[in-house]
Amino acid sequence: MDDTFKIYVEQLRDGHEETIDEALDPGFIDIAEPDLTFDKPVMLKGVAYLAEQELVLRWDIRTEVLLPCSICNESVRVPIHVGNFYHSESLEKIKSGVYNFETLLRETILLEAPFFAECHEGICPRRREYGKYLKESSHSSSDQDEGYRPFADVDWKL
């Protein structure tokens, strides 16, 4: 039986803590997307303890994800770091006395995964080549940049 993602609540009574220091296989993330690949270990460090009627988890999570560059489509390795992450779970919800944090860890990592990446630390060398197809970014705050506002000219006085 694999106890990697399990915390036994009874062992945390009387002020005891469980130290977590694991290098986890990224297979538990279970992503089958061609443009989102987790192939490096998930480094998880932290502690689990009880605070009255709550199980408290404090973690530091580090891993990497492979994404395609938004400009040239080459693979980009993007680090993911979630520092000082806290989660509390009511002991009433942990009926069996064993808390499995696999889903929580998976969701935390996926929420931190970026939607877009650009190679060479954000300066893709092919940007100039594709520049003519990209919209120039404007730093002015004109009405055109704010989008379509159908009620902008409505007098709201009744």
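**A tour of the strands and the ring cluster**

Start by selecting strand E3 (residues 42-51) together with E4: the two pair in the antiparallel sense over 9 bridges. Strands here are DSSP runs of E, at least two residues long, and helices are runs of H or I of at least four, both numbered from the N terminus; two strands pair if DSSP finds at least two bridges between them. You are looking at a predicted model, where local features need pLDDT of at least 70, side-chain atom pairs count only at pLDDT 80 or more, and totals for chains, interfaces and linings use all residues. Residues are numbered from 1 along each chain as its sequence is written, and side-chain values use heavy atoms, leaving out hydrogens and water.

Next, click on alanine 51, which stands opposite glutamate 54 in E4. In the turn of this hairpin, with 2 residues between E3 and E4, glutamate 52 has a positive phi of about 60°.

Finally, show the rings of Phe5, Phe28, Trp59, Phe85 and Phe101, a cluster linked by ring pairs. Rings of Phe, Tyr and Trp (its six-membered ring) pair if their centres lie within 6.5 Å; planes under 30 degrees apart count as stacked, over 60 as edge-to-face and the rest as tilted. The count comes to 4 aromatic pairs. One of them, phenylalanine 5 with phenylalanine 28, is tilted, at 5.1 Å centre to centre and 55° between the planes.
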